[in-house]
Amino acid sequence: MRERAFGKRRERITLLSATRTVGDGGRAEIEYGEIATIWASAESVERAINDFADKAEMAAVITFTGHYAERYFKARRLMWRGRTFRITAITEPDLMRRDLEFSAEEIFR
């Protein structure tokens with residue numbers, strides 16, 4: 001069983017949800033609004049290479065662990081230390097609704 005280390009949650013992250021709207025000319029637009037700012041622990045998992053427009057970028061893949069709240073499942077992005085991350089997975093590590101893990105990949109564009 002994993003140890004719940006509240007003292008290790010020293011990183012402040014802001015969770016963002018996506019809202020789709022129809023803009024001028026019927027074009028879909030996505031806006032990101034804040035869900036909550038929480039304390040979490042951050043663990044670097046790997047670095048991935050993203051190829052975009054003939055430009056390779058090293059993206060950090062990080063797992064953030066915070067407390068459980070049902071509304072956090074709507075999160076699609078998060079902000080940490082002035083950087084933006086795309087949330088790729090949200091999991092419950094212990095299935096007892098105490099913690100949530102957010103796997104996230106850094107966005108450069």
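Modeller: Start with Phe64, which counts as buried at 0% relative accessibility. Keep in mind that this is a predicted model.

Colleague: Which strand is Phe64 in?

Modeller: Phe64 sits in strand β3.

Colleague: And what does Phe64 touch, leaving out residues up to four places away in sequence?

Modeller: Its contacts are Ile13, Ala40, Ser41, Ala42, Leu78, Trp80, Leu100, Glu101, Phe102 and Ala104.

Colleague: Trp80 has a ring too. How are the rings of Phe64 and Trp80 arranged?

Modeller: The structure holds four aromatic pairs. In the pair of Phe64 and Trp80, the ring centres are 5.2 Å apart and the planes meet at 75 degrees, so the pair is edge-to-face. An angle over 60 degrees counts as edge-to-face.

Colleague: Where in the chain are the two residues of that pair?

Modeller: They belong to distant parts of the chain, with Phe64 in strand β3 and Trp80 in strand β4, 16 residues apart. Both Phe64 and Trp80 are buried.

Colleague: What about Trp80 and Phe85?

Modeller: Trp80 and Phe85 also form an aromatic pair, and this one is tilted, with 6.0 Å from centre to centre and 50 degrees between the planes. Trp80 and Phe85 are both buried. Ring pairs join Phe64, Trp80 and Phe85 into a cluster.

Colleague: Now the nonpolar core. Which residues in the largest one touch the most other members?

Modeller: That core has 21 residues, and those touching the most other members are Ile13, Leu15, Phe64, Tyr72, Leu78 and Phe102. The elements giving two or more residues to this core are β1 (11–22), β2 (28–52), β3 (55–67), β4 (75–80), β5 and β6.

Colleague: Which element gives the most?

Modeller: β2 does, with four residues.

Colleague: Phe102 was on that list. What does Phe102 touch?

Modeller: Not counting residues up to four places away in sequence, Phe102 touches Leu15, Ile38, Ile62, Thr63, Phe64, Tyr72, Leu78, Ile87, Ala89 and Ile90. Phe102 in β6 is also the bridge partner of Ile90.

Colleague: How do β5 and β6 run, and how many bridges join them?

Modeller: β5 and β6 run antiparallel, and six bridges join them.

Colleague: Is β6 enclosed or open, and why?

Modeller: β6 is largely enclosed by the rest of the structure, because seven of its eight residues are buried.

Colleague: Take Glu106. Where is it, and is it buried or exposed?

Modeller: Glu106 is in strand β6, which covers residues 99–106. Its relative accessible area is 12%, so Glu106 is buried, as the cut-off for that is under 20%.

Colleague: What does the side chain of Glu106 make a polar contact with?

Modeller: The partner is the side chain of Arg83, at 3.1 Å.

Colleague: New topic, the loop between β5 and β6. What is the phi of Leu95?

Modeller: Leu95 lies in that loop, and its phi is near 55 degrees, a positive value in a residue other than glycine. Most residues other than glycine have a negative phi.

Colleague: And Arg97, what is its phi?

Modeller: Arg97 lies in the loop between β5 and β6, and its phi is near 55 degrees, again a positive value in a residue other than glycine.

Colleague: Are these two buried or exposed?

Modeller: Leu95 counts as exposed, because its relative accessibility is 70%. Arg97 is exposed too, with a relative accessible area of 54%. The cut-off for exposed is over 50%.

Terms used: Residues are numbered from 1 along each chain as its sequence is written. This is a predicted model: local features need pLDDT of at least 70, side-chain atom pairs count only at pLDDT 80 or more; totals for chains, interfaces and linings use all residues. Side-chain values use heavy atoms; hydrogens and water are left out. Buried means under 20% relative accessible area, exposed over 50%, partly exposed in between (1.4 Å probe, protein chains only). A polar contact is a pair of N or O atoms within 3.5 Å; within protein, one must be able to donate a hydrogen and the other to accept it, and residues adjacent in sequence count only if both atoms are side-chain atoms. Two strands pair if DSSP finds at least two bridges between them. A nonpolar core is a set of buried Ala, Val, Leu, Ile, Met, Phe, Trp, Tyr and Cys residues joined through side-chain atoms within 4.5 Å. Contact means heavy atoms within 4.5 Å. Rings of Phe, Tyr and Trp (its six-membered ring) pair if their centres lie within 6.5 Å; planes under 30 degrees apart count as stacked, over 60 as edge-to-face and the rest as tilted.
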